[in-house]
Amino acid sequence: MAERIALVDVNNFYVSCERVFDPSLDGRPVVVLSNNDGCVVARSQEAKDLGITTGAPFFQVKQFGQSHGMVVRSSNYELYGDMSARVMEVLSRFGTWQEVYSIDESFLGVQGNPEQLGELASRIRKAVALNVGVPVCVGVAPTKTLAKFANHVAKRNAHLDGVCSMDSMDPQLVERIQSRVPVTDLWGVGARTGTKLAGMGVSTIADLKAADATEIRKRFSVVLQRTVLELNSIACIPHNEERADKQQIMYSRSFSSPVTTIEGMVEVMSVYAQRGAARLLSDGLWATLLTVTAGTNRFSSGEASFPSLTIKLPSPTQDPILLARLAVAAMREIMHQGASYVRGGVVLSGLQPEAGQAMLGVFDEGGAETHVGDVLGAVKARFGNKSIGLGSGGLAVEPDWSMKREFSSPKFTTEWADIPIVRA
DNA sequence: TCTGGGGTCCTAGGACCC
DNA sequence: TCTGGGGTCCTAGGACCC
């Protein structure tokens, strides 16, 4: 009985979620766009086959795609978040431990002989398809890095039926594959490191596996050294089943049209700070640092500018009034007269649990304001995000910089009015 | 006309302390 | 004229991930 790690992820997750509720999308090229309908962030296999790349600006591929029958969706994070929770719940039944790694990926602790591991991987796949309706691939190996690699192999070889368990593979075959796959396809090796490695004659996974781990650490970092060890079946990336405590909360968006006035950015900061405060409240956290950022268009000619300012909060807080006021004041300080901003953001960091502050709160003059935050949060939870807000954050009408979502599907699973009706 | 958002971890270097 | 060494904490920046 060997201890192994399975990496399960959903194929083309956002597209697969859309397909569950609209089967007419099956077999067609489908893309899902980023916020503001800016870039392509997810593609169906058919869209990949058309040559549409991740990150492609939508306006550049729109014409071409649509002339090939491509279907476009704006991102529907309410739907994807809910579908993700369902997938993770199903996966949790199969592991001795589970680490949810991203919205569509999870590591699982699994055990068994080679035959049992292969069967388990197939069962996982069937269970998710049956219970949630989305397709997954499963990679099983002794380390996280190799599990990611096995998953990569499962995805690229249709005859494997979405499953690859390294224990059942001929070692020579593994070696052959590793000597063909570029090192930058590996988890943890990006473009920068790839270039530097190429200069040392390391271009495939097999090359990196054969490299001297100590030397790699000297020239790169402990991160890449771990990758080398993991390729050699020495597990050294720890798993944290407990979600590590959040380090920061960021609310940052590009605008659907540029903001050029101080009043405009003041409005943005007020809204964004309140969104950030709402997340602090729901996570039970206080912030001690507040950063505001703005940015001009980095693609247009001329000097781009990205002003930002971090301030230390007078005391740990989650108070939306205080945060909005300080964010607005900070933005007034850094923004340039006459600049045309296409994005803005509020970052809350130096986070600490509110529980530790409960006793101090009694002596804290911010106590009354905090109460307002609770009320705001409760009203929003019950009547929706737009039901109440402070000052310029309480906008009854969408401002013209607010997000564009032209092709959104309904919130099939999280909104009563949007729940699909089935007639038999 | 139009180009995402939200994170993590590691390292180097400076400030400060004894 | 000589000008330590070890430690911690913080921050900025780099690299990576999905």
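Q: Which residues lie nearest the centre of the second largest pocket?
A: N36, G38, C39, S254 and F299, out of 26 lining residues. A pocket is an open set of points on a 1 Å grid over the protein atoms alone, where a 1.4 Å probe fits, with protein on both sides within 12 Å along at least five of seven lines; lining residues have an atom within 4 Å of a point.

Q: Before we go on, what am I looking at?
A: A predicted model: local features need pLDDT of at least 70, and side-chain atom pairs count only at 80 or more, while totals for chains, interfaces and linings use all residues. Residues are numbered from 1 along each chain, chains are lettered from A and ligands numbered from 1 as written, and side-chain values use heavy atoms, without hydrogens and water.

Q: Back to that pocket. How much space lies in it?
A: About 900 Å³.

Q: Which strand gives the largest share of its lining?
A: Strand 9, with five residues. Strand 9 spans 248-259.

Q: And the lining by class?
A: 10 nonpolar, nine polar and seven charged residues.

Q: New topic. Which residues touch the most other members in the largest nonpolar core?
A: L91, V128 and V138, among 34 residues. Core members are buried (under 20% relative accessible area, 1.4 Å probe) and joined through side-chain atoms within 4.5 Å.

Q: Which helix gives the most?
A: Helix 4, with seven residues.

Q: What does V138 touch?
A: Its contacts (heavy atoms within 4.5 Å) include A6, L7, I124 and C164, leaving out residues up to four places away in sequence.

Key
Buried means under 20% relative accessible area, exposed over 50%, partly exposed in between (1.4 Å probe, protein chains only). Helices (H or I, at least four residues) and strands (E, at least two) are DSSP runs, numbered from the N terminus. Grid points are joined across faces, edges and corners, and a volume is the space filled by probe spheres set on the points. Ala, Val, Leu, Ile, Met, Phe, Trp, Tyr, Cys and Pro count as nonpolar, Asp, Glu, Lys and Arg as charged, and the others, Gly among them, as polar.
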